[in-house]
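Take a look at the sequence and the structure, then read on.

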Amino acid sequence: MKRALVSVSDKTNLVPFVKGLEENGYEIVSTGGTKKALDDAGVKTIGIEDVTHFPEILDGRVKTLNPYVHGGLLARRDLPEHMETLKEHEITPIDLVCVNLYPFKQTIEKPDVTLEDAIENIDIGGPSMVRSAAKNYHDVTIVVDKDDYDQVLTEIKKDGDTTLETRTKLAAKAFRHTASYDSLISQYLTKQNGLEDPEKLTLTWDLKETMRYGENGHQKAWLYEDAMPKSFSVLQAKQLHGKKLSYNNIKDADEALRCIREFDQPAVVAMKHMNPCGIGQGDNLEQAWDRAYEADTVSIFGGVIALNRQVDLATAEKMHKIFLEIIIAPGFDDDAFELLSKKKNIRLLTVDFSKKDEDVRHEVVSVMGGLLVQEQDVLDEDYHDWECVTDVKPTEEQLKAMMFAWKAVKHAKSNAIVVANGERTLGVGEGQPNRIDSLKIAVKHAGDDVEGSVMASDAFFPFGDCVEYAGEHGIKAVVQPGGSIRDQESIDMANKYGIAMVTTGVRHFRH
C-alpha cells in the first residue's frame with residue numbers, strides 16, 4: 001500500500017482528492033485541522049503522532065520535523081542501502097505529499113497585523129516536507145497547488161502512479177512555491193528592520209496572464225503581479241468591456257494612472273505611447289475632457305484616457321466620437337457605459353480611486369544583467385515652498401497654473417517641457433536629446449495660445465536659450481528646479497523678457 005501525507009491550510013477541493021487517493025490504494029497520514037476535516041468527511045487517516053511516535057509539541061510548532069517523516073520522503077527507492085535503512089528503523093516510505101503552507105501572506109495583508117501574529121504564521125514543517133518531497137521527485141509526488149489535484153488523480157487512476165514528467169514539473173513548482181513564500185517573509189522582516197538596501201533582493205510575483213505578444217508581435221510576453229498587490233493599479237482594475245489589454249496597453253494605462261493621481265479637481269489625462277499628450281482640469285468632468293482634447297486633437301486619437309471622476313453621459317458622448325484604446329475611471333454611469341460599450345474593441349476599466357494615495361512600492365526596472373530599484377516619484381509639493389528668483393513675481397493665478405504644469409511635466413519623458421495655463425496643457429515637448437528642441441515642440445503645439453502661458457521644465461536649464469525662446473513667444477512664467485552653474489544666465493534672460501521664474505529645488509526626470 002502506498003502512503004500519502006496530507007497537511008494543508010487551504011482545504012478547497014481537498015476531500016474529493018484524498019478520497020480518490022484512498023480509493024486507489026493510498027493510506028492517508030494527516031495532521032491537526034486537516035486530519036479532523038478528513039475524518040469528518042469519512043476518510044480513514046493515520047495521525048502524525050502514530051508515524052513519528054512523538055507528540056506534537058510547542059503549540060504545534062514541532063510535529064513533522066522527524067526522521068520518520070523525512071526519512072520516508074528522502075529515501076531513494078533505487079538504492080538498496082536506503083531501503084535497508086528504512087527497514088532497519090521501521091520507517092514507512094511516503095509516496096505522495098499534499099501540503100500548502102500557513103497563510104503568511106493573508107496574515108500580513110491584515111491592516112492590524114502584529115509582528116507576533118506574522119511570526120506565528122511562518123510555516124517551518126510545511127516547507128521542509130515540500131522540499132524533501134521535491135528533492136526526491138523520482139520517487140515522490142509533491143502537490144502544493146489544488147489546481148493539480150485532478151491531473152495527479154487522473155494519472156494515479158490510470159497507471160497507479162504519476163509519471164516522472166509530472167513529478168518533475170510538480171517538484172519545480174514546489175520549489176517556486178517555497179521560494180515565493182520565503183521571499184514574502186524576507187521582505188516583511190526586512191521592512192520591519194527598516195533596511196533599504198539588503199545584500200540580497202528577494203522579490204516574488206504571481207503570473208496573472210500570458211500575453212498574446214509583447215511590445216512587438218514577434219516578442220513573447222507575460223504579465224506578473226506583485227504577490228502583495230496594490231488596489232490602485234491597472235492590474236487590479238476591473239475590465240467591464242472590450243478586448244484583453246495588450247502589453248503596450250498596460251504600460252500606457254499604468255502611466256495614465258500615475259499621472260491622474262496627481263490631480264484632485266476633476267481631471268482628464270490622455271496618454272499616448274507613455275507620454276501625456278493632453279491633460280485638462282475643470283469644474284466638472286466634461287469641461288476637463290474638453291480641455292484635455294483641445295490640448296492635442298491629433299495625438300489623442302488611439303490614446304489611453306484616465307479620468308478621476310465617474311464618467312457621465314455628456315463626457316461619454318464626446319469621447320465616443322473618436323477612437324480611443326482605453327478609458328479608465330472610478331466608474332461609469334449606466335447610460336455612459338451603454339453608449340461607450342457600443343464600440344466592440346474599446347476597453348472600459350474601473351479602478352478604486354479611493355486608494356490612489358495608498359503607500360507605493362519601489363519601482364523595479366530591468367537592465368541587461370540586473371535590476372534598478374528606486375522609490376516612486378510621489379513627492380508631495382506645495383508652490384508656497386518655491387523660490388522666486390526674478391524681479392517679476394508670479395501672481396497667485398500663475399502659481400496655480402505652474403503647479404498644474406509641474407504635475408504634468410513629471411509624467412513626460414525627459415527632456416520634458418510643458419506649456420500650460422491653469423486649465424490644460426497647451427503643448428508638451430518630451431523625449432528629446434536636448435531641452436530646447438522639447439520647448440520648440442511644446443510651443444509649436446501651443447500655437448497662438450502660448451501668449452501669456454506658463455512653462456514647466458523637468459530639470460534645470462543648462463543655458464539661457466530656453467528662457468529666451470520662451471520670452472520671444474510670450475510665455476510669462478516659468479517653473480524649473482534650478483541648480484545649474486549657469487542659472488544666472490536663465491534668470492537674467494527671464495528679467496529681460498519680464499518673466500516670473502520660480503525654482504523648486506527638485507527635478508523630475510522620467511526616463
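What you're looking at is a predicted model, where local features need pLDDT of at least 70, side-chain atom pairs count only at pLDDT 80 or more, and totals for chains, interfaces and linings use all residues. Residues are numbered from 1 along each chain as its sequence is written, and side-chain values use heavy atoms, with hydrogens and water left out.

**Salt bridges**

- The structure holds 31 salt bridges, each being a side-chain nitrogen of Lys or Arg within 4 Å of a carboxyl oxygen of Asp or Glu.
- One of them joins the side chains of D290 and K318, at 3.0 Å from N to O.
- D290 sits in helix α12 (residues 285-295) and K318 in helix α13 (residues 313-319), so this pair ties together parts that are 28 residues apart in sequence. Helices here are DSSP runs (H or I, at least four residues), strands are runs of E (at least two), and both are numbered from the N terminus.
- D290 is partly exposed, at 30% relative accessible area, and K318 is partly exposed too, at 27%.
- D458 and R435 also pair up through their side chains, at 2.6 Å from N to O.
- That pair links distant parts of the chain, 23 residues apart: D458 is in the loop between β19 (454-457) and α17 (465-472), while R435 is in helix α16 (residues 435-446).
- Both D458 and R435 are buried.
- K356 bridges to D357, with their closest N and O atoms 3.4 Å apart. Here K356 is buried at 15% relative accessibility, whereas D357 is exposed at 63%.
- There's a network as well: salt bridges link D254, E255, R258, E363 and R510.

**Charged patches on the surface**

- Patches are made of residues with over 30% relative accessible area and no salt bridge, with like charges joined within 9 Å (for nonpolar side chains, Val, Leu, Ile, Met, Phe, Trp and Tyr, it's within 5 Å).
- Lys and Arg count as positive, Asp and Glu as negative, and His and the chain ends are not counted. Each charge is placed at NZ of Lys, CZ of Arg, CG of Asp or CD of Glu.
- Accessible areas come from the Shrake-Rupley method with a 1.4 Å probe, and for residues only the protein chains shown count as cover.
- The positive patch brings together R212, K243, K244 and K344.
- K243 is in the loop between β8 (238-241) and α11 (247-260), and is partly exposed at 38% relative accessible area.
- The negative patch consists of E317, D334, D335 and E338.
- Helix α14 (residues 334-340) gives the most to this negative patch, with three residues.
- E338 lies in helix α14 and is exposed, at 53% relative accessibility.

**Two loop residues to look up**

- K355 is found in the loop between β13 (347-350) and β14 (363-367), partly exposed at 34% relative accessible area.
- Neighbours within four places in sequence aside, K355 is in contact (heavy atoms within 4.5 Å) with S231 and F232.
- The C-alpha atoms of K355 and F232 are 5.6 Å apart, although 123 residues separate the two along the chain.
- D148 is in the loop between β5 (141-143) and α9 (149-159), and is buried at 10% relative accessibility.
- Again leaving aside neighbours within four places in sequence, D148 is in contact with V143, L170 and K173.

How values were computed. Buried means under 20% relative accessible area, exposed over 50%, partly exposed in between (1.4 Å probe, protein chains only).
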